[in-house]
Amino acid sequence: MTLHLDHITLTYPDGPTEVTAVDDVSLTLHPGQFTALVGQSGSGKSSLLAVAAGLQEPTSGQVRVDGPRGLIFQQANLLGALTAREQLLVTDHIRGRKPRRDRADELLERVGLAGFGHRRMNQLSGGQRQRVNIARALMGSPAVLLADEPTSALDTRLAREVVDLLADITRETQAATLLVTHDRSLLDSCDRVVEMRDGRVREVRAV
């Protein structure tokens, strides 16, 4: 077990009532397993990922995680004034570490951006910026990799490249990876598909 969600419920106030975004969901992510979380808008998938990432406290239930988590957001949220290499080194600064330039360059090469470390964000395409986003998430050597709609702003070809890259990284690093996506054409790159509807897990199937 790398990450286990145990009977997670998440509610939000809505005037005098409450909205249940996640309703008693239990899910385990295993090392080296690439899991897709799918469902219509409002099904609760992004809310569940936020709980898994530690960004949102559940109303009830427990999150158990072995090792650090790496987050890949829908929007890359990269700093325009920084180079690709500096985007990664910011994570070392936040953690109080000495900057690991060799590690940053190694990860940029791994995501297909060798030689791009000096480029700023306005010099990169959307697909390249998302690759920087992935490399940044890997700086902490995460045991759990959580990606929230990372291909939503990409065309079909670039979306496929990004998801295939995540699949390769999952196998290489043995991270437990959870991909939230609405694009069902990408599911064949995953090992397992979890379907959510109305805040609940309705189906879990192998690919």
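Modeller: Helices are DSSP runs of H or I with at least four residues, strands are runs of E with at least two, and both are numbered from the N terminus. Just after α2, Gly96 has a positive phi of about 75 degrees. This is a predicted model: local features need pLDDT of at least 70, side-chain atom pairs count only at pLDDT 80 or more, and totals for chains, interfaces and linings use all residues. Residues are numbered from 1 along each chain as its sequence is written, and side-chain values use heavy atoms, with hydrogens and water left out.

Biologist: Why is Asp92 called buried?

Modeller: Buried means under 20% relative accessible area, exposed over 50%, partly exposed in between (1.4 Å probe, protein chains only). Asp92 has 0%, so Asp92 is buried. Asp92 sits in helix α2, residues 84-94.

Biologist: What is Asp92 in contact with, beyond its neighbours within four places in sequence?

Modeller: Contact means heavy atoms within 4.5 Å. Asp92 is in contact with Arg97, Lys98, Pro99, Arg100 and Met139, leaving aside those neighbours.

Biologist: What covers the buried residues of α2?

Modeller: The cover includes α3 (101-110) and α4 (126-138).

Biologist: What makes a set of residues a nonpolar core?

Modeller: The members are buried Ala, Val, Leu, Ile, Met, Phe, Trp, Tyr and Cys residues, joined through side-chain atoms within 4.5 Å. The largest such core has 39 residues, and Leu88, Val132, Ile134 and Leu166 have the most contacts inside it. Its largest share, eight residues, comes from α5.
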